[in-house]
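Biologist: I'm new to this one and would like to learn how to read it. Could we look at it together?

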Amino acid sequence: MMSRFAVKAAVLMLAATFGTGTAWAAESLQDVMKRRSLSQQDLLAAAKTYTPSGKRDEFVVFSSGGQSGQLIVYGIPSMRILKYVGVFTPEPWQGYGYDEESKDILKGGWIDGKEITWGDAHHPAISETNGQYDGQFLFINDKANPRVAVVDLRDFETKQIVANPIYKSEHGGAFVTANTEYVFEAAQYPAPLERKKFYPLEEFNEKYRGGMTYWKFDRKAGRLVPAQSFSVELPPYSQDISDAGKGPSDGWSFTNSFCSERYVGGIEQGRPPFEAGCSAKDTDYLHVINWRKAAELVAQGKAQKINGHNVLSIETAVKEGILFLVPEPKSPHGVDVTPDGKYIIVSGKLDTHVSVYSFEKIQAAIKAGKFESKDPYGIPVVGMRDALHNQVQLGLGPLHTQYDSKQCVAYTSLYVDSQVAKWNYCDGKVLDKIAVHYNIGHLMTMEGDSAGPKGRYLVALNKLSIDRFNPVGPLHPQNHQLIDISNDKMQLIYDMPLPLGEPHYAVAIEASKLKPGVRYKVGTDSRTDKDHPGRARAGEERTERKGNKVTVFGTLIRSHITPEIIEAEVGDEVTINLTNLERAEDETHGFAISAYNVHASIEPGKTISVKFKADKEGVYPYYCTEFCSALHLEMQGYLLVKPKGWKAVAKKDAVKSNYTEADYRATLKRIVDTQAVIDSVVAYITSTNFKDFPDVVSMVEDATDQLGKIPDAKAKHEAAAGKKDWDNANLWAEQVYQYQVKAADIGLRAKTYLDQHGAKKVK
Ligand code: RUQ
Ligand code: CUA
């Protein structure tokens, strides 16, 4: 028999089919197109990007967060934002910079003892194996305060920040060598390498320097190793973007420059401004460095130490034949090695051409000792004609180039023209152009700077969005535009406003290559990957006091913070260690204390610590900041900061609640009913192959934990009832019910998971 609801639905469907236009009829596709003025092209774009609820993206993008000092993670083709990761900047949601472990990471990025709380994040790079993205680590640089950070892609957390020991700024980072042996960064604005020494601008040519730093990466430890890292000193040309060789050019790195005029400005003294002086010459220099040989020279002790850091001088680099220059057209910007490692494509901001250099030709000139000149520092200069494969006229303001999965096909951003050009770098033909909105900087194709680009999509990272979105005041969001490149003609399919700093560069990786975990081993310090000394398991919670130091070893599990009361005296140093005992996916608890600037995000298994001086007397509630269960609001406690020497006066009984026997009986009844629900869920789960689903196994463990606490509470309510202490009887019975609710909540979630993941009946 048809239910009344089903009958109504059938009528609705009929109405839609016949287009009767009654007020309650569902809109047809045509209706929506008309109402929203959508074209067939729009529908096609929507179909290419729309990602139905529950479906996931094919690629994951890591975009620099510009001045926010963070990392932005989003999916392609949906362009849905998935995460912001705190890197150079404190980030409260993740407790980054508010718990002790992450404060240590940020401290690694202090410069000359000064705390730096922001960064100008420019270029993210994913770790590579044989030139292919391997999805293990991500590196990103800070231009303003020359630093590089390491993010572990197992948990998307920042694990390390290193400050460059000799630069004042940097831009040509982070880029990785083909097997991530090194992560490198090039200096930007020349300055004395001693860092804290002053030389007047008149001594610019002699005392100011640029450079190229190679940070050694220890993949097993997942950290950069400063002691094994080194730099190559370079002339005071403003070094810019860089790239690593791959295939035949593996072992070499390429860095371009601007302002090789070595102009020092001084409009105040009546001299022409920087922008004129820094673009006067027709050419600047591409720096070509044999980093593999440089590393050998450093191992042989040929480096000098500056600020405790290994630096190969220009003189040594020239003598040993590891450093060369090649002229490149006026004010170049991007330098991008082709996937096969044979060519290096350089764009000139003030030139309409891109220059395709041949690595083979450069090497032949070097071997033959065929140089056109030396620069003022004695570095041999390979003639431009001897190094070029071809030059292609693309349009105004070419900046960056990325590659397609199709042979010889490249995409170059045209800043001034606000266009992307698709072209063939082997034969120099322009294939297609598309307008973007507006003033594109970087562009990015899928794994498009690796040895194995995946084609499919391109993102234009536009510097200005102007009129594309609803106005939000004079400061506009950035505009990332998604372009379908799978056909001959490029098609613009999505505009995404990105309101978090100015993202400079982004990298996209096949989603299947990322395998992040959902929980930590219980008691893990996520910033060191080691056991946390403050970890505690259930039943091990305690508070220790030594002198004026109060240390809490606590735990979190739905919906309870242990301990519920922390006592301290004014002047005490309080350390609170907290371990999240949950195993279920996405069961994070937060922890905040009123007015002590303390916050933490504690994901399943993680242990964190927060530390503060209890410097003001008072009562400070603490609570969980993630809505983690129906009783999340009750996940609370009190920090009691008493005046020194405070003594309790006549102890009053805890507040009486006056429950009756009837209340107690009613609660017992509720317990019996709830148990019936739990039993049915358990029967369902155990009738399936749930053991084949690790996530469900974790949920079952969590639920079993909750149920395991019941006997104790049950004994208590029964004992109280025996004494006709209805208050305690009822409250302990309530506690039994709480455990049941949490177990049932997890159980129902497990059941849904099994239904959605096609679990099979086994009995
Ligand atoms: S930048 S728009 Cu990479 Cu910092 Cu080129
Ligand atoms: Cu734990 Cu809310």
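Biologist: Which cysteine forms a disulfide with Cys259, and how far apart are their sulfur atoms?

Modeller: Keep in mind that this is a predicted model. In general, a disulfide is a covalent bond between the sulfur atoms of two cysteines. Here Cys259 is paired with Cys278, with 2.0 Å between the sulfur atoms. The two cysteines sit 19 residues apart, Cys259 in the loop between strand 13 and helix 6, and Cys278 in the loop between helix 6 and strand 14.

Biologist: Is that disulfide left-handed or right-handed, and why?

Modeller: The torsion about its S-S bond is about -60°, so the Cys259 and Cys278 disulfide is left-handed.

Biologist: Is Cys259 buried or exposed?

Modeller: Buried means under 20% relative accessible area. Cys259 has 4%, so it counts as buried. Cys278 is buried too, at 12%.

Biologist: How many disulfides does a search of the whole structure find?

Modeller: The search gives 2. One of them joins Cys408 to Cys426, S to S 1.9 Å. Its torsion is about -75°, so this disulfide is left-handed. Cys408 is buried at 13%, whereas Cys426 is partly exposed at 32%.

Biologist: Now the ligand, please. Which residues surround ligand 1?

Modeller: Among them are His122, His123, His171, Ile241, Lys463 and His504. Strand 4, strand 24 and strand 28 each give two or more residues to this shell.

Biologist: How many residues of each class does the shell around ligand 1 have?

Modeller: By class, there are 2 nonpolar, 8 polar and 1 charged residues around ligand 1.

Methods:
Residues numbered from 1 in each chain as written. Chains lettered and ligands numbered in written order. Predicted model: local features only at pLDDT ≥ 70, side-chain atom pairs only at ≥ 80, totals over all residues. Heavy atoms only, no water. Near = heavy atom within 4 Å. Helix = DSSP H or I, 4+ residues; strand = E, 2+ residues; numbered from the N terminus. Nonpolar A, V, L, I, M, F, W, Y, C, P; charged D, E, K, R; others polar. Disulfide = S-S within 2.5 Å. Buried < 20%, exposed > 50% of the residue type's maximum accessible area, 1.4 Å probe, protein only.
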